[in-house]
Amino acid sequence: MMKPELLSPCGNTEALRAAVNNGADAVYLGGKDFSARRYAGNFSLEELKEACDYCHVRGVKVYVTVNTLYKDSELTKFINFVKELYMMGVDALIVQDTGAANLIKRSFPDMKINASTQLTANTAEDVNFLYKNGFDKVILSRELSLEEIKKIRQSTEAEIECFVHGALCVSFSGQCIMSSILGGRSGNRGCCAQTCRLPYSLYKDFDKVSEGYLMSPKDIETLEILPQLIEAGINSFKIEGRMKNPEYVAGVTAIYRKYIDMYFDDPEGYAVDKNDLKTLLQLFNRGGFTNGYFTSPSGSEMMSAERPKAWGLKAGIIDVYDSKYGRASIRTREPLVPGDGIEVWTKTEPHAGCGISKPSRAGQVISVMVKGDIAKNDVVYKTHDKALMDSMKKTYEKDTRKTPIYGKLTVKDGTPAMLKLWLEKGVSISAEGSVPQKAENRPVTEDVLRKQISKMGSTPFELEKLDIILDDGIYIDIKALNELRRTACDKLAEKLMSKNRHKEPDFVAFPETSVSGVKKNKKLTVKVKNKGQFNAAVGCEGVDTIYFELCEEFEEDFENIIKKAHDNGVKLYAAFPRIYRQRAEEVYGDFVSKLANSMTDGFLVTSAGLFDMVKSFGKNAAVDYNMNVFNNEAVEYYKHRGAERITMSVEMNVKELNSAADDDCETVVYGYLPLMTTMQCPIGNYAGGKTNGVFCKERFSEARFVLKDRKDVAFPLLPDCNLCVCQILNSKPLFTLKFYDEVLETPAGYVRLDFTRETAGETAEIIRAYAEMTENPKRPGQYAKALLNRMAKKAVTKGHFFRGVE
């Protein structure tokens, strides 16, 4: 059983030193451009080169995040940036964009790339598709259970990586466009505004069910289950936190280093010290920790509904408060020292807080001056621990991480002194010094040689063992020995730093762009969720293809549904759920097998692994927009692997579609777009009693629930109780008829209508209007005019067709 890699986050140079000096095996960091944490400090090219050298000489790997989606107009600059990373010797890139991955592998075939968690890999099939198509390691979705991870490990040769500590996204990574649609700041482009951390109210019809920070998960912590994660065969343990301070990186890295090593040194004696858990809580928590989805499928206990920000460590309660003078008596449960900061959780925000000026013991009643709406029994949290912060800072102010090396010193009469240094893994150098002289008085001794050569000082090395060959009766002065040691150490450091570097390549691939031009005669496709919508769609003229999402209604009558579509000259594709993992396989696996042997025309696939599955059926595979195809390189990536059509990302504007799409591509032009897909169903968590692995007491598929934000905007909830997944829909539909002629001028060969909550009547009305306009956009017919009039009185959105994303 291999010891897993400990991978730490670095938002700046201080955090890098904190990670390395506290035991990280590898670090991940981003450049000033092309990174999913655009608001972290990040690294310039020169700083990235220095980071590589600093880490490599200490035996630490460097992974650079280029884990966002890229526009065609950015790919030339992107690949030139990657060329610089290739030349400086980064160990791997973390990539989301399959088009970018395609471009990297064409330019630098030997460069390792790791699949970002934004690629939403949930199954062994997902992992194996990515592995055989250019990715070396796959970062799994955070929603996977330990059981699912074990099955993946047993079914793939690829390395797998999991997050073991830090923040959780409430949505499946790569499946959230909430920040993008509401404010133009795309999480897929590194600009997430964290709209999930805002307050919301849950309503059923007109009744408020719950309110608070309903979509804000607690952070995960996994020390208690670390042995199980190790035994599951996870190759890399990842700590989240490129936006966190260096002290956080230092403390979390040191603690996980301690417990990984503890398990391998003495698995039977593995035990977690509660003081380490307190340290982790103090460094950052949102109302405590959970073990994430490793041990629980989801539930209210995983959420921090009271507050989305850092809580600190519970330090006491208010015993007495004198509002006239602003003096509070606090009964403490933790020691406090001058420089600590505390916060009193009052009944309403903002909470009150102050600094500590006198030391106190746990259990002592202290008096502090603090103003606010404070009452007896209000809880007090220690939000800043000066002693802890100071101790963490000391761990990286000086470089203490040393690489163990071995040496052989040869001092022989008449020949230059030779010092050979090497690492256990085989890297070695030799350095030549001055010629020793005949000793006139006191010949040099082996003890003197060993003492001088072992003085590694500020070098990144620690001499574990030194063999010495010494002739009798000779002398070499201390200055010459010191010079020989310095020369040898410098040579070894340079060899370690240059080991991964590459010369400037002769060839760098040029990004492809679409040359299709305007596709005049577009085909209309429709995606439906129920039989009523299907019957409405199949009865309308002008529909080329219907995508029918897997559901019980479809399964019960699929042969007649397929026949009815074909009788009306319409192709019928089965649409996979947005998240297809073990539970979905248990629910729909048999149905999918039946469809594979049916007359269905193909499948709309929503993940990488499903693509290969469908191709093995001998059916057409259409790529859905949640697979985030954002540029022409990504279009070609899937076309070369047999995709029949590709739905483009809904975050693209018309200009970007013109350079990326071709006539095998599809754009979504109507629908209540899913802003996020989550295991943390607000209905189940706050109305269904879903907690601690206990599923909802009832099914809510037909109920009408919405989330309302601070502006009273209502976002419909679309739960799938079969899969225990919920989609949060946009409050208003994407509606493009008003500027449809401009959409039709893009190169895409298909336009698509997505139906979710619409009635059969609404479905038919919308299809007929779009069919008319698709055939003749310059002259709206009766259906189009009627729909335009009705929608003029309703809130709608143009989506990103004319704005795009940052």
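Reader: Where does Ser116 sit?

Author: Ser116 is in the loop between strand E5 (113-115) and helix H5 (124-132). Helices (H or I, at least four residues) and strands (E, at least two) are DSSP runs, numbered from the N terminus. This is a predicted model, where local features need pLDDT of at least 70 and side-chain atom pairs count only at pLDDT 80 or more, while totals for chains, interfaces and linings use all residues. Residues are numbered from 1 along each chain as its sequence is written, and side-chain values use heavy atoms, with hydrogens and water left out.

Reader: What makes Ser116 count as buried?

Author: Buried means under 20% relative accessible area, exposed over 50%, partly exposed in between (1.4 Å probe, protein chains only). Ser116 has 3% relative accessibility, so Ser116 counts as buried.

Reader: Which residues is Ser116 in contact with, leaving aside its neighbours within four places in sequence?

Author: Contact means heavy atoms within 4.5 Å. With neighbours within four places in sequence left aside, Ser116 is in contact with Asn67, Ile94, Val95, Gln96 and Ile139.

Reader: What makes a set of residues a nonpolar core?

Author: They have to be buried Ala, Val, Leu, Ile, Met, Phe, Trp, Tyr and Cys residues joined through side-chain atoms within 4.5 Å. The largest such core here has 212 residues, and Val27, Leu93 and Phe554 touch the most other members. Helix H9 (residues 246-265) gives the largest share, nine residues. There's also a second, separate core of 30 residues, with Leu449, Phe461, Leu481 and Met497 among them.

Reader: How do you know that E27 pairs with strands E26 and E28?

Author: Two strands pair if DSSP finds at least two bridges between them. Strand E26 (residues 543-549) and E27 have five bridges, in the parallel sense, with Glu549 opposite Ala575 in E27. E27 and strand E28 (residues 602-605) have three, also parallel, and here Tyr573 stands opposite Gly602. Both pairs therefore meet the cut-off of at least two bridges.

Reader: Why is E27, helix H17 and E28 called a right-handed unit?

Author: A crossover is right-handed if, with the strands pointing away from the viewer, the path from the first strand over the helix to the second runs clockwise. E27, H17 (residues 582-596) and E28 make a right-handed β-α-β unit.

Reader: What reaches the backbone nitrogen of Glu14 at the start of H1?

Author: A side-chain oxygen of Asn12 does, to within 3.2 Å. A polar contact is a pair of N or O atoms within 3.5 Å; within protein, one must be able to donate a hydrogen and the other to accept it, and residues adjacent in sequence count only if both atoms are side-chain atoms.
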